[in-house]
Amino acid sequence: MAILKEFKEFAMRGNVIDMAVGVVIGAAFGKIVSSLVDDIIMPLVGVATGGMNFTDFKWVVQKAVMNGQKIVTPEVSLNWGTWVQTIVDFIIVAFCIFIMVKFINQIRRKKTEEPAPAAAPTHEEELLTEIRDLLKAQNSPENKK
């Protein structure tokens, strides 16, 4: 039972919950970006490059061994086209996160740049100011004559 209590304390900390929300939103954001790359950007890149589909590019290390229609040994290949598409995914995600962080930092800077209203002096500060002014008046050259 002690371990359950300790786990509950751990799981209910604000940081853990914030992190969990971030992971869920990040996963959803990743799906959106993957769809953007797969369904919009890469087809346009394919059209621009003459109808090439990057996911079809691969380097075959060992061809599949067939016995009629039956695959005895599957093909071994390096799917470099899929890797290129994954890199494009990463660059787009990284750029989107960069823009988002830049926007958040800009908002934070604006909040810190706003001048805070000047606080009214406390009663002690007012009394000290009066004492200072009286001492200055007593020590001024006009009073020494």
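Valine 65 stands opposite threonine 73 in strand S3, in a model that is predicted, where local features need pLDDT of at least 70, side-chain atom pairs count only at pLDDT 80 or more, and totals for chains, interfaces and linings use all residues. Residues are numbered from 1 along each chain as its sequence is written, and side-chain values use heavy atoms, with hydrogens and water left out.

Strand S2 (residues 65-67) and strand S3 (residues 70-73) run antiparallel and are joined by 3 bridges; two strands pair if DSSP finds at least two bridges between them. Strands (E, at least two residues) and helices (H or I, at least four) are DSSP runs, numbered from the N terminus. The hairpin of S2 and S3 has 2 residues between the strands, and glycine 68 takes a positive phi near 75° there.

The largest nonpolar core consists of 5 residues, namely Val33, Val37, Met42, Phe54 and Ile92. Helix H2 (residues 14-48) gives the most to this core, with 3 residues. Such a core is a set of buried Ala, Val, Leu, Ile, Met, Phe, Trp, Tyr and Cys residues joined through side-chain atoms within 4.5 Å, where buried means under 20% relative accessible area, exposed over 50%, and partly exposed in between (1.4 Å probe, protein chains only).

| Residue | Place | Relative accessible area | Class |

Arginine 109 and proline 141 are 32 residues apart in sequence, while their C-alpha atoms are 49 Å apart in space.
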